[in-house]
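Work through the exercises below with the model open beside you. Try each task before you read its solution.

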Amino acid sequence: MPVNVGLSGALKMIEVRNLSKSYGSTKAVNDISFSVGKGELFGLLGPNGSGKTTIIKMLTGQIKPTSGSIRVLGVDVLEDPVRVRKLAGIVPEQETPPSFLTAEEYLYFVANIRKMENYEKACEKWFEFLDFGDQKNSLCKDLSRGTRQKLMFAQAFLHEPELAIIDEPLINLDPVMQRKVKDFLAGYVKSGGTVFISTHILEIAKQICTSIGIIYKGKLVYTGHLDDLTLQERNFEEFFLELVGQPGNSALV
Ligand SMILES: Nc1ncnc2c1ncn2[C@@H]1O[C@H](COP(=O)(O)OP(=O)(O)OP(=O)(O)O)[C@@H](O)[C@H]1O
């Protein structure tokens, strides 16, 4: 299936060309190209082991591709990964904050690295918004998984980045928090930010993403806008399952 490179005419915040990553004989990511324009909320969907985290690790300069090029916020990630990490807000897969810092110390630490001024107010805003101010003086090692996820989310958006890259944004969050985070992300892109997420959860993509990519066995098998007629006229789950080769097998999702 041809890949619809360049989902919008807008300024490209992410541009990936012919990107591949192999681990030994495993082709985790196999010659994919796509771009994400300013103001998009792009959702990367795919079954377990399809290559989502590997793509995020390459976008954020944590691992080097076997071949291909990546520009994030106009920066060549291979040439200057540190700059990309400075500019973009990032939540890596299953990341946890340092065990020995309190939640507040961790946010202050990140704010300092990002050279923010008057960051106390910004941190307080996040404690309030995600409703965990009562735990700001707890050591991160004592926080629940969901609260650690809230903290990771807060650190990514603390400096109001132009682009946020988040692996599974809603993981471990309760339904109330999921709703808050979804609304936040939708509002963030409406006000000009750009967000790239990976998720297994088709419902999330349907509710908040403006565009999606579907990856299967390292190959990008679909990219398109969510208001695309193909998707509107089809049952999204069936469409996904057909693309990943398992029609009728909901257990995959
Ligand atoms: N460090 C590594 N060494 C060897 N193989 C790896 C490594 N990291 C990932 N892989 C393999 O690359 C493929 C893609 O993995 P990846 O973690 O990117 O998938 P994913 O789509 O994020 O999966 P999940 O949804 O289960 O988190 C898998 O076959 C995985 O086993």
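The expected span of a helix is 1.5 Å times one less than its number of residues. Helices (H or I, at least four residues) and strands (E, at least two) are DSSP runs, numbered from the N terminus. This is a predicted model: local features need pLDDT of at least 70, side-chain atom pairs count only at pLDDT 80 or more, and totals for chains, interfaces and linings use all residues. Residues are numbered from 1 along each chain as its sequence is written.

**Exercise 1. Check the span of helix 5 and say how far it is covered.**

Step 1. Helix 5 has 13 residues, so at 1.5 Å a residue it should span 18 Å. Its end C-alpha atoms are 19 Å apart, which agrees.

Step 2. Apply the burial cut-offs. A residue is buried if 20 or more other C-beta atoms lie within 10 Å of its own, exposed if 12 or fewer, and partly exposed in between; C-beta atoms are placed from the backbone. By this test 11 of the 13 residues of helix 5 are buried. Among them are Arg-148, Lys-150 and Phe-153.

Step 3. Find the partners. Contact means C-beta atoms, placed from the backbone, within 7 Å. The buried residues of helix 5 pack against strands 6 and 7 and helices 3, 4 and 6.

**Exercise 2. Describe the largest nonpolar core.**

Step 1. Such a core is a set of buried Ala, Val, Leu, Ile, Met, Phe, Trp, Tyr and Cys residues joined through C-beta atoms within 7 Å.

Step 2. The largest one has 64 residues. Helix 5 (residues 145–157) gives the largest share, six residues.

Step 3. Leu-59 and Ile-165 have the most contacts inside this core. Leaving aside neighbours within four places in sequence, Ile-165 touches Ile-56, Leu-59, Thr-60, Ala-88, Ile-90 and Phe-196.

**Exercise 3. Which element gives the largest share of the shell around the ligand?**

Step 1. The shell includes Tyr-23, Lys-52 and His-200.

Step 2. Strand 2 (26–37) and helix 1 (52–59) each give two or more residues. Helix 1 gives the largest share, three residues.

**Exercise 4. Which class is Leu-73, buried or partly exposed, and what is its phi?**

Step 1. Leu-73 lies in the loop between strand 4 (67–72) and strand 5 (75–76).

Step 2. Its phi is near 55°, a positive value in a residue other than glycine. Most residues other than glycine have a negative phi.

Step 3. Leu-73 has 19 C-beta neighbours inside 10 Å, so it counts as partly exposed.

Terms used
Contact = placed C-beta atoms within 7 Å. Near = placed C-beta within 6 Å.
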